[in-house]
Amino acid sequence: MDTVEQLRDRLLARFPGAGITVVANPSPAAQHSLLLTAATARDLALFLRDEPGLQFDQCSNVTGVDWPDKEIVDTTKVTLPDPAGGPPKVVEQKSKRVEPGCLEVVYHLYSIALRHGPVILRLRTANRTDSVTLPSLTPVWRSCEFQEREVFDLFGVVFAGHPDLRRILMWDGYQDHPMRRDYVEPDSYEWEPTPHGEVLAKARQHYPAPAAAPEAPKP
Amino acid sequence: MSVSDLTPLSAPGGSTVRAVHDEFHGDLLEVSMGPHHPSTHGVFRMIVTLDGETIVKLKPVFGYLHRNHEKLGENTTYLASMPYTDRLDYLNSMTNNWAYAVAVEKLAGLAVPERAEYVRVILAELTRLLNHSCLAGFLMQDCGCSGTPLMYAFREREKILDLFESLSGSRMMCNYQRFGGCRVDPSADWLAGAQRLTDGYGAFLDEFEALLTGNEILMARTQGVGRLSSALAISAGVTGPALRATGVAHDLRKVDGYGVYPRFDFRVPLGDHGDTYDRYMIRILEMRESLKILSQALAGLPGGPIMDPKAKLRGFRPKAGEAYGRIEGPKGEIGFYLISDGSANPYRYRVRPPSFINLTILEDMCLGRTVADAVIILGSVDIVLGEVDR
């Protein structure tokens with residue numbers, strides 16, 4: 001099989017200007033991956049599936065990775081002249097900058113027909129808050145159907161063109177995305193508002209509580 | 001609403017990815033099967049829309065056993081995740097352990113001693129025997145054949161679990177594999193016990209097959225039920241016996257040749273029709289091949305250490321990077337995807353669960369069949385909810 005660089009060149013020859021980056025993997029596994037742009041991902045996936053020499057007919061594994069915003073502190077040394085005429089002072093100045101994070105979706109492709117792989121595709125969202133839409137690859141590989149639903153559920157990536165994008169493991173109506181790094185567990189999963197609280201408040205107006213009475217239980 | 005209202009998307013193999021229609025229609029009946037239903041093999045629910053007795057839509061509902069296993073993996077060290085993997089597919093803890101060990105060994109570039117590779121093969125094939133025997137028993141139970149085949153299968157399973165218990169200390173939650181080898185060395189007595197079991201298992205399979213394989217009722221009940229085309233199976237990521245039943249020669253023991261599998265002489269049984277009977281038959285044939293592998297592995301087991309002496313289990317911090325490792329579990333391709341940032345915990349810990357992904361085509365197999373067929377089709381897919389929901 002081609003190396004990742006060869007594969008990238010082959011894709012770029014077919015789709016000029018597709019914007020494909022090789023993401024190196026420094027571990028001994030050396031499974032390098034290709035970072036695609038959202039605009040061309042669907043076309044490239046179809047090409048990878050149907051091109052005779054490649055035939056990546058199986059999308060084995062789909063998963064998300066959360067990369068939160070990183071606060072990076074840059075330290076620079078500045079030499080300041082001493083107004084009193086002494087030797088110049090070296091002062092460290094610190095500046096903070098925020099490297100924006102993203103949500104990443106990783107696809108592991110294998111070819112059953114030609115028995116090669118994996119080719120790893122990565123797609124990244126623009127940020128982690130409002131621009132989290134990526135193209136769905138379910139029309140290309142059916143195996144993405146449940147796995148993209150899982151990434152949507154647990155990471156909050158919205159897949160455009162997915163035929164049935166609903167939560168799959170958490171329940172409908174759940175708000176958060178538990179696999180994000182900054183996820184905070186709720187105090188209680190079971191609590192839900194009941195009319196009891198309002199009834200209790202009304203009753204209090206009619207029967208003022210005695211001084212030593214305990215407070216109403218807070219939800 | 002009728003079936004033709006749902007427009008399928010274009011996908012290979014004439015796949016039918018359907019849009020969700022919420023509107024209620026008087027002619028159709030929506031039935032919620034599960035989560036507490038004996039045929040669903042755990043807490044699994046299917047929302048089935050019926051036209052008369054015919055299934056026109058089937059939506060699986062998951063998550064009743066969801067405990068966010070992957071988040072647990074991110075918050076524990078590499079070694080401490082090993083016992084958690086037992087709980088994924090709780091019938092096959094040995095192969096779960098192995099898949100996780102393979103991924104970590106790829107990530108850190110660890111070598112495994114030869115003896116450990118052989119022991120892993122022996123345990124994985126014993127697990128395959130155990131899983132396939134139970135599955136055949138459960139499938140018969142789903143067909144309405146109460147008791148006998150399942151009890152026969154459980155009788156044999158108990159013998160394998162006794163072996164696991166005497167080796168690892170636990171019947172089902174074995175926690176036996178380590179990165180760079182195995183936890184304890186099997187004794188000569190244990191190996192003799194494994195040999196006895198291997199020698200006797202063929203007789204059980206003969207007995208089991210005499211009871212079932214040529215049985216007219218079983219054939220009438222399962223042949224042609226839940227057909228799956230090979231193109232759709234490949235596209236939907238179906239792996240394991242369900243894929244091979246459609247005639248696709250894809251077995252990771254042959255394709256990847258991981259461990260010491262290339263040294264053994266065995267064949268990969270393939271189906272012809274992709275129906276429920278083929279899926280049953282493939283498993284019976286695979287068990288016979290497993291017996292071949294077992295006797296070869298027990299005969300050729302080399303001496304030497306069971307753990308790589310350089311392997312460091314505590315304070316294990318692989319260098320930054322990522323790896324995807326996969327093996328052929330009894331239910332299909334079980335894989336682990338790990339991203340390390342150089343710390344003691346994985347940055348990302350992902351399980352590729354075969355039974356979850358094999359459920360993708362449950363609806364396609366059930367459309368046009370009856371509810372009673374849906375029960376045996378689900379039974380032949382072979383799911384364990386601990387792995388589906390994670």
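The report that follows treats a predicted model, beginning with a sheet and continuing with aromatic pairs and charges over rings.

**An open sheet in chain B**

In chain B, 3 strands are arranged as an open sheet in the order E1-E4-E5, and their pairing is antiparallel. Strand E1 (29-33) and strand E5 (54-61) of chain B are found at the edges, where each has a single partner strand, so one side of each lacks a neighbour in the sheet. From one strand to the next, the twist averages 20°. Strand E4, which covers residues 45-51 of chain B, pairs with E5(B) in the antiparallel sense over 7 bridges, and opposite Leu50(B) stands Ile55(B), a residue of E5(B).

**Aromatic pairs**

Over all chains, a search of the whole structure finds 24 aromatic pairs. Two of these are set out here, with the separation of the ring centres and the angle between the ring planes.

| Pair | Centre distance | Plane angle | Class |
|---|---|---|---|
| Tyr110(A) and Tyr324(B) | 6.4 Å | 45° | tilted |
| Phe44(B) and Phe62(B) | 5.8 Å | 50° | tilted |

Tyr110(A) belongs to strand E6 (residues 102-111) of chain A, while Tyr324(B) belongs to strand E8 (residues 321-329) of chain B, so this pair joins two chains. Both Tyr110(A) and Tyr324(B) are buried.

Elsewhere in chain B, ring pairs link Tyr78(B), Tyr100(B), Phe179(B), Phe316(B), Phe336(B) and Tyr349(B) into a cluster.

**Charges over rings**

Which residue lies over the face of Tyr110(A)? Arg326(B) takes that position, at 3.5 Å from the ring centre; Tyr110(A) is thus a ring that also takes part in the tilted pair with Tyr324(B). In chain B, the charged end of Lys254(B) sits over the ring of Phe266(B), at 4.2 Å from the centre of that ring.

Conventions. Residues numbered from 1 in each chain as written. Chains lettered and ligands numbered in written order. Predicted model: local features only at pLDDT ≥ 70, side-chain atom pairs only at ≥ 80, totals over all residues. Heavy atoms only, no water. Pairing = 2+ DSSP bridges. Helix = DSSP H or I, 4+ residues; strand = E, 2+ residues; numbered from the N terminus. Axes fitted to C-alpha atoms, helices over the stretch in contact; angles between N-to-C directions. Phe/Tyr/Trp six-rings, centres within 6.5 Å; stacked < 30°, edge-to-face > 60°. Buried < 20%, exposed > 50% of the residue type's maximum accessible area, 1.4 Å probe, protein only. Lys NZ or Arg CZ within 6 Å of the ring centre and 35° of its normal.
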